[in-house]
Amino acid sequence: MSSTSPSAVALGARQGRTLQHWAPEDKAFWSREGEAVARRNLWLSVPALFLAFAIWQVWSVVAVSLPSLGFQYSTNQLFWLAAAPALSGATLRIFYSFMVPVFGGRRWTAISTASLLIPALGIGFAVQDNTTGYPTMLLLALLCGLGGGNFSSSMANISFFFPKEKKGAALGVNAGLGNLGVSVVQFLSPLVIALGLFGAIGGEAQQIMKNGAASTVWAQNAAFIWVPFIALAAVAAWFGMNDIADAKASFAAQAAIFRRKHNWLMCVLYLGCFGSFIGYAAGFPLLIKSQFPGVNPLAYAWMGPLTGALIRPVGGWLADKLGGARVTVWNFAVMALAVVGVLHFLPTNGVGGSFTGFFAMFLVLFMTTGIGNGSTFRMIPVIFLNQALRGVDRHDAVAVARATKEGNTEGAATLGFTGAIGAYGGFFIPKSYGTSISLTGGPEAALYCFIGFYVLCVAITWWFYARKHAEMPC
């Protein structure tokens, strides 16, 4: 009888860039080769997701700048432009949720990253002409949703690479560092538009009035700056990442999640966390501008998403240590209180208010959205893996392997699908501000609705996941 060395097994487990054997729950396999492969795929996934978020949220900056460039759009139209990428991105996430098991994580990451070139180039050309029609701008805003869709496929892909006890931290790193694209685009855009970075190939400069004085800007740079990095990230993903043979699954196999109650419950919770993060990020510059006209929104708005993005891995780590449900239930309680604080510091009928207090409360809100993003995404794979293993004889290796694959497949699909539903917050929150302001003169009505939703999330988390004898403790 011949024996096979571990190195031979490792070599035989790969065929091209497809991993034919992948068993992260096997500690020997993980320490021998699994961890190194998983980390390489994670660190190639992060920049691709970072760029996706940058393109997705570039309109939160561009929309604020359009009036000074001579575009004659109403305030409500500007809020629509800020909200439209979230609407299309959330819808695309529904489909992207199921793409990794069908096409493979490496292939889909490379293709979906390359697709970001379409809105990046389109916006760069469109903003150079202030006679560009509103329908064209709205279409380009909707195309930015390609970046939003990438999140669901990216998170589903990374979830396959890591064992259960490390999923929270890994998903937190992927999403948290990816989320940094939101704050970086808001911070970097005002800097790059002040420089003629691309010479003649980058287009002509525009003249704008700022504080009564004329200034020269290259508004197209807010989009063009990302083009070379997108191309590089797509190539790196194609040649450096892996597909997992065991992760292959049909749409029908993944569609089982639509019959799972916990899929829909986690959609509600993730809407409260990520929906708040992306919605507040998209609407924050315009909200500052409408409520505190004397404040430059682009000088402050980027700090909120930065806080939420950096803290997200901590949320995943805390959930690994303390339990996702426990972290989530307290997190939603703090979110509700933070919105109360925002209401307290808002001006009344344009009078009074405190920008310092308002901004501080929003930083707390962004921090809690990040923690909640990490803790809820740790809950999901644990819930579905435990659900699949219930009633399975742990001594039956074949049954355990079958149940584990089923749990991981459904967990990955749920990560993607909840990401899709959560992303609709990026549309509803800015649009709620605009509607509330147009109907009542202020954003207070929208904020009261947010408080009610966070209280509902506290109740759901406590009843199903956090209380003693909960149906699915996690």
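User: How do the residues lining the second largest pocket divide into nonpolar, polar and charged?

Analyst: This is a predicted model, in which local features need pLDDT of at least 70, side-chain atom pairs count only at pLDDT 80 or more, and totals for chains, interfaces and linings use all residues. Residues are numbered from 1 along each chain as its sequence is written, and side-chain values use heavy atoms, without hydrogens and water. A pocket is an open set of points on a 1 Å grid where a 1.4 Å probe fits, with protein on both sides within 12 Å along at least five of seven lines; lining residues have an atom within 4 Å of a point. The lining comprises nine nonpolar, three polar and four charged residues.

User: Which helix gives the most to the lining of the second largest pocket?

Analyst: Among the 16 lining residues, W22, P24, T404, K405 and N408 are the closest to the pocket centre. Helices are DSSP runs (H or I, at least four residues) numbered from the N terminus. With seven residues, the largest contribution comes from helix α17 (residues 397-423).

User: Which residues have the most contacts inside the largest nonpolar core?

Analyst: A nonpolar core joins buried Ala, Val, Leu, Ile, Met, Phe, Trp, Tyr and Cys residues through side-chain atoms within 4.5 Å. The largest has 129 residues, and those with the most contacts inside it are W59 and Y465.

Terms used
Buried means under 20% relative accessible area, exposed over 50%, partly exposed in between (1.4 Å probe, protein chains only). Helices (H or I, at least four residues) and strands (E, at least two) are DSSP runs, numbered from the N terminus. Ala, Val, Leu, Ile, Met, Phe, Trp, Tyr, Cys and Pro count as nonpolar, Asp, Glu, Lys and Arg as charged, and the others, Gly among them, as polar.
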